[in-house]
Amino acid sequence: GVVAMPLAVEILFRGLAHGLLAQSARIQRYDTRWFLSWPTVGSTLLYVGFALSLFGAFQASYGKLVLSILGAMVIGLSLGMVRERSQSIWPALLFHMLAGATAFLMLIPR
């Protein structure tokens, strides 16, 4: 889970979806000002829909569902910006794996 899922998600959303959307839109470069590009927003919305389709059914309450949506949006936008500024999916994959490992470790009882 900590490697396979982030790898699949980053290839699908930051590689394929973002890459297709970026062909006809202006995106960030490492030497430009920070901004949210349409490819980042578009791939984030697709990612949020994917995350909801996988994990939304497991949410016990409306509050947890809202937090899940917000979390998916924050990580989607952040990883999209990392992907654009680095011009590679590898840093986004690394950050996604670190976030997944951190979430997993937080679930372990102490």
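Mentor: Buried means under 20% relative accessible area, exposed means over 50%, and partly exposed lies in between, computed with a 1.4 Å probe on protein chains only. This is a predicted model, in which local features need pLDDT of at least 70 and side-chain atom pairs count only at pLDDT 80 or more, while totals for chains, interfaces and linings use all residues. Residues are numbered from 1 along each chain as its sequence is written, and side-chain values use heavy atoms, with hydrogens and water left out.

Trainee: Is Phe50 buried, exposed or partly exposed?

Mentor: With a relative accessible area of 26%, Phe50 is partly exposed, whereas Phe13 counts as buried at 5% and Tyr47 counts as buried at 10%.

Trainee: How is a pair of aromatic rings described, and which type of pair do Phe13 and Phe50 form?

Mentor: A pair of aromatic rings is described by the distance of the centres and the angle of the planes. Rings of Phe, Tyr and Trp (its six-membered ring) pair if their centres lie within 6.5 Å, and planes under 30 degrees apart count as stacked, over 60 as edge-to-face and the rest as tilted. Phe13 and Phe50 form a tilted pair, at 5.4 Å centre to centre and 50° between the planes. Phe13 lies in helix H1 and Phe50 in helix H2, so this pair ties together parts 37 residues apart in sequence; helices (H or I, at least four residues) are DSSP runs, numbered from the N terminus.

Trainee: Which residues do ring pairs link into a cluster?

Mentor: The cluster consists of Phe13, Tyr47 and Phe50, linked by ring pairs.

How values were computed
Helix = DSSP H or I, 4+ residues; strand = E, 2+ residues; numbered from the N terminus.
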